[in-house]
Amino acid sequence: MVLAFIEHLNGAPTTLSLEVLTMAGRLSGEMAVPLEAVAIGPKGAAAAGIVTSYGVSRLHVGDDPRLADYAPAGWARAVAELTERVNPEVVIGTASDRGSEVMAHVAARMKLPLAANCTEIAPGDPFTVTRQRWGGSLLEEAHLKGRVKLLTLAPHALAAEASPSRTEVATHPFTPALDDKDFRVRLVPQVEADTGKISLAQARVVIGGGRGVGSAEGFASLEELAGLLGGAVGCSRAVTSLGWRPHSDQVGQTGMRIAPDLYIACGISGAIQHMVGCRAAKHILAINTDAAAPIVEQADYAVIGDVQKVLSSVNAQIRKLREVPVG
Ligand SMILES: Cc1cc2nc3c(=O)[nH]c(=O)nc-3n(C[C@H](O)[C@H](O)[C@H](O)COP(=O)(O)OP(=O)(O)OC[C@H]3O[C@@H](n4cnc5c(N)ncnc54)[C@H](O)[C@@H]3O)c2cc1C
């Protein structure tokens, strides 16, 4: 059996977890074994309505109320205990911050090897994975041993794809044996940032700004374009280091990994650590004064020019096009 460890928000699986379900479904097909899933926290049961479209036959729900909020060791104990009991061939989670942390705890607790950040998985003997190293700048092929193969899937390694037919999902709640020590690290109430805005992770259009934007105030034109296109603003690490934008806006190896339909990179050079965060975008448009900047090479489209001048005319043009014709 393949067991997919899914993360969810009030029972709605995250986008990355839908990708995990897609990969897990492919694996279970290739291995000719059933696909099951585990969601932690009592609200995980609500995920049944969605996992039914991904070929899951059984949804395990760690339903102890103490697991409702994130606690890495507690969540890992639940996943490890379930793994011991149901004995899957493979357990696969997301390579998100939480998925990586929980799966690392599971590996340590069960004394099993873990292959992190996989992009391709070929079950068989040897069990072969391709995984990202060095923030995605290197792809490594590795053979994984162990009675249970523990894996995390690199974000956006594939697109989430529901299967055309729905399965009957049986929900199996379970209560793991938990210890106070499992809650030494736990989530305390979280503060939501900018609740009125479209989140960077979900936006279909992202306007990214780099050092070439010139100043914190220079981001006003990017904000305007994001508003016009219903998108979100991101930035490079140079920008967060300069204090122009908060770290929550940073795209890249040490920031957010995004997969919008369109990424407009304004005054960004295209360093590898930045590209790791945006290479899953369907289209990249670069605006840069330097035609030889690495981002221009990697982009689908490029405008060579000063970012403020270019955005000023683009924004004016969009505003004009949106004007309702008189009469
Ligand atoms: C371990 C590690 C992790 C890192 N993680 C990240 C990360 O998560 N995200 C990230 O972004 N970086 C990260 N970096 C930093 C990364 O290597 C680069 O230094 C950074 O991305 C550069 O930011 P930038 O492109 O904004 O600035 P620069 O490299 O200074 O590029 C500025 C660009 O703007 C252009 N420009 C200048 N003026 C204008 C103008 N008026 N109009 C248009 N274009 C103009 C220039 O031609 C240039 O291409 C990391 C580095 C390390 C070592």
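This is a predicted model: local features need pLDDT of at least 70, side-chain atom pairs count only at pLDDT 80 or more; totals for chains, interfaces and linings use all residues.
Start with the overall layout. The protein chain splits into two pieces, domain 1 (2-183) and domain 2 (205-322). Where the two meet, 5 residues of domain 1 are in contact with 7 residues of domain 2. On the domain 1 side of that meeting point, 4 residues are polar and 1 is nonpolar, with no charged residues there.

Next comes the ligand. Its shell is made up of 27 residues, and the ones that come nearest are Gly 210, Gly 212, Arg 237, Gly 252 and Ser 269. Three elements each put at least two residues into the shell: the helices α6 (237-241) and α7 (272-278), plus the strand β15 (283-288).

Then there is helix α4, which covers residues 97-110. With 14 residues, α4 reaches 20 Å from its first C-alpha to its last, close to the 20 Å expected at 1.5 Å a residue. Quite a list of α4 residues is buried: Gly 99, Val 102, Met 103, His 105, Val 106, Ala 107 and Met 110. The cover over these buried residues includes the strands β1 (2-6), β6 (90-94), β7 (114-122) and β10 (149-153), along with helix α3 (72-86). Just past the end of α4, Lys 111 adopts a positive phi of about 55°.

Key:
Residues are numbered from 1 along each chain as its sequence is written. Domain bounds come from an automatic or database domain assignment. Ala, Val, Leu, Ile, Met, Phe, Trp, Tyr, Cys and Pro count as nonpolar, Asp, Glu, Lys and Arg as charged, and the others, Gly among them, as polar. A residue is near a molecule or strand if its C-beta atom, placed from the backbone, lies within 6 Å of it. Helices (H or I, at least four residues) and strands (E, at least two) are DSSP runs, numbered from the N terminus. The expected span of a helix is 1.5 Å times one less than its number of residues. A residue is buried if 20 or more other C-beta atoms lie within 10 Å of its own, exposed if 12 or fewer, and partly exposed in between; C-beta atoms are placed from the backbone.
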